[in-house]
2 protein chains.
Amino acid sequence: MGTLRYAILGLLNRRDMSGYDLTKEFETTLAEFWGAKHSQIYPELKALADEGLIAYQIEISGTVLEKKVYSITVRGRTALRTWAETQLKMKSVPKDEFRLQLYFSDCIPPRRRIALLEPQLEQHRALLDHLRENLAGLGQTPPEDEAAFSDYLVLLGGVMREESCCAWLERCIALCRERLEKQ
Amino acid sequence: MGTLRYAILGLLNRRDMSGYDLTKEFETTLAEFWGAKHSQIYPELKALADEGLIAYQIEISGTVLEKKVYSITVRGRTALRTWAETQLKMKSVPKDEFRLQLYFSDCIPPRRRIALLEPQLEQHRALLDHLRENLAGLGQTPPEDEAAFSDYLVLLGGVMREESCCAWLERCIALCRERLEKQ
DNA sequence: TTTAAACATGTCGTAATTGACATGTTTAAA
DNA sequence: TTTAAACATGTCAATTACGACATGTTTAAA
């Protein structure tokens with residue numbers, strides 16, 4: 001689908017940024033639902049610039065270090081809006097290696113299943129805490145501002161997803177323990 | 001990571017299957033958390049056989065149609081168990097194009113945001129119904145059998161995830177409507 | 001002043017995955 | 001008997017993505 005380009009266009013639609021800045025955004029703000037390494041971002045920026053969807057100016061940091069500051073063009077904005085209004089099919093495969101592992105965990109001793117579940121729960125709890133902090137940072141009511149409101153909705157989704165995931169893992173652990181005690 | 005091979009080994013550990021059967025499994029049972037097309041499965045089967053982790057026998061359907069029925073070998077079982085006991089890092093990026101779209105939905109009119117949310121909710125509700133049926137099919141209490149118990153845990157996770165997702169989408173729609181009315 | 005972390009931009013080989021191409025058989029219904 | 005759906009196995013080109021390689025500057029702390 002070429003989703004990466006729209007992620008970049010979306011970010012540049014909010015503010016001008018360098019490839020380095022974009023990389024940071026993918027590592028922090030977007031990390032929750034999209035990811036890209038700089039090795040993927042730089043070539044995509046080049047392609048986008050070649051197609052005229054973005055443009056850049058060179059800025060000098062210090063005395064010599066060149067920094068390319070990208071901005072979205074009018075054509076870029078049109079492309080972004082077109083994508084943003086497209087009905088997306090729910091991706092049927094949100095690949096989840098842990099669920100796959102749990103699915104086949106019948107081939108390991110029951111105790112080890114618990115040993116797999118517990119660190120997963122810890123990881124998801126840590127993520128949940130982090131997302132809750134971010135959400136709290138946005139205020140207690142949905143923001144008025146359009147961009148902040150979008151952020152709020154997505155963050156809310158992250159919190160709810162992780163709450164549900166933690167609840168599931170806790171339930172799994174409880175069920176596994178009951179089962180162990182019964183036998 | 002080469003996860004596909006373990007998905008195949010896991011399936012063959014339950015029963016002998018042809019490439020075609022495996023493809024069907026990926027489309028049905030595993031569809032919830034993993035996916036693979038036949039164009040990926042057939043080459044992987046060849047590699048797995050070359051490495052001695054699986055073996056196959058040729059069966060004839062009808063008069064001429066050759067069918068390769070694969071079975072897991074002792075070495076395959078060892079490889080599967082090793083993977084099945086490995087602590088997995090939570091994949092930090094469960095890529096979700098819809099959340100990305102919603103995140104950047106500040107560039108479209110508020111009404112269209114609702115128009116994006118509603119079909120998503122429909123799709124997730126349909127999936128939830130489907131998963132609930134599957135879960136009901138497994139009985140009302142966690143199964144005794146090891147394999148069925150694993151299936152149960154994963155299915156439970158699918159139902160909880162989709163419940164949470166639907167609740168989120170409903171909340172988003174409600175918040176968007178409130179916002180529209182206020183302005 | 002040195003030195004480590006952050007800033008900054010790129011390329012390259014490889015692996016994973018998809019969709020299209022390619023071909024043919026068997027089964028069950030019309 | 002025809003015909004459509006399901007059975008059955010493969011290849012190939014293109015895309016997406018990652019980790020490693022490669023290089024150098026700037027900033028702030030020790």
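**Figure 1. Aromatic cluster of A:F33, B:Y103 and B:F104 in the predicted model.** Ring pairs connect A:F33, B:Y103 and B:F104 into a cluster. The structure shown is a predicted model. Over all chains, the count comes to 10 aromatic pairs.

**Figure 2. The stacked pair of A:Y6 and A:W83.** The rings of A:Y6 and A:W83 are stacked, with 5.2 Å centre to centre and 5° between the planes. A:Y6 belongs to helix 1 (residues 3-14) of chain A and A:W83 to helix 4 of chain A, so the pair ties together parts that lie 77 residues apart in sequence. Both A:Y6 and A:W83 are buried.

**Figure 3. The tilted pair of A:Y103 and B:F33.** The planes of A:Y103 and B:F33 meet at 50° and the ring centres are 5.3 Å apart, so the pair is classed as tilted. Because A:Y103 lies in helix 5 (residues 97-103) of chain A and B:F33 in the loop between helix 2 (19-27) and helix 3 (38-50) of chain B, the pair joins two chains. A:Y103 and B:F33 are both buried.

**Figure 4. Charged side chains over aromatic rings.** A:K68 lies over the face of A:Y56, at 5.0 Å from the ring centre. The charged end of A:R179 is placed over the ring of B:F149, 4.0 Å from its centre.

Figure 5. A:T73 is located in the loop between strand 2 (65-72) and helix 4 (74-84) of chain A. Its relative accessibility is 18%, so A:T73 counts as buried, the limit being under 20%. A polar atom of the A:T73 side chain lies 3.0 Å from the backbone oxygen of A:L53. Apart from neighbours within four places in sequence, A:T73 is in contact with A:G52, A:L53, A:I54 and A:A55.

Definitions and conventions: Residues are numbered from 1 along each chain as its sequence is written. Chains are lettered from A and ligands numbered from 1 in the order in which they are written. This is a predicted model: local features need pLDDT of at least 70, side-chain atom pairs count only at pLDDT 80 or more; totals for chains, interfaces and linings use all residues. Side-chain values use heavy atoms; hydrogens and water are left out. Helices (H or I, at least four residues) and strands (E, at least two) are DSSP runs, numbered from the N terminus. Buried means under 20% relative accessible area, exposed over 50%, partly exposed in between (1.4 Å probe, protein chains only). A polar contact is a pair of N or O atoms within 3.5 Å; within protein, one must be able to donate a hydrogen and the other to accept it, and residues adjacent in sequence count only if both atoms are side-chain atoms. Contact means heavy atoms within 4.5 Å. Rings of Phe, Tyr and Trp (its six-membered ring) pair if their centres lie within 6.5 Å; planes under 30 degrees apart count as stacked, over 60 as edge-to-face and the rest as tilted. A charge sits over a ring if NZ of Lys or CZ of Arg is within 6 Å of the ring centre and within 35 degrees of the ring normal.
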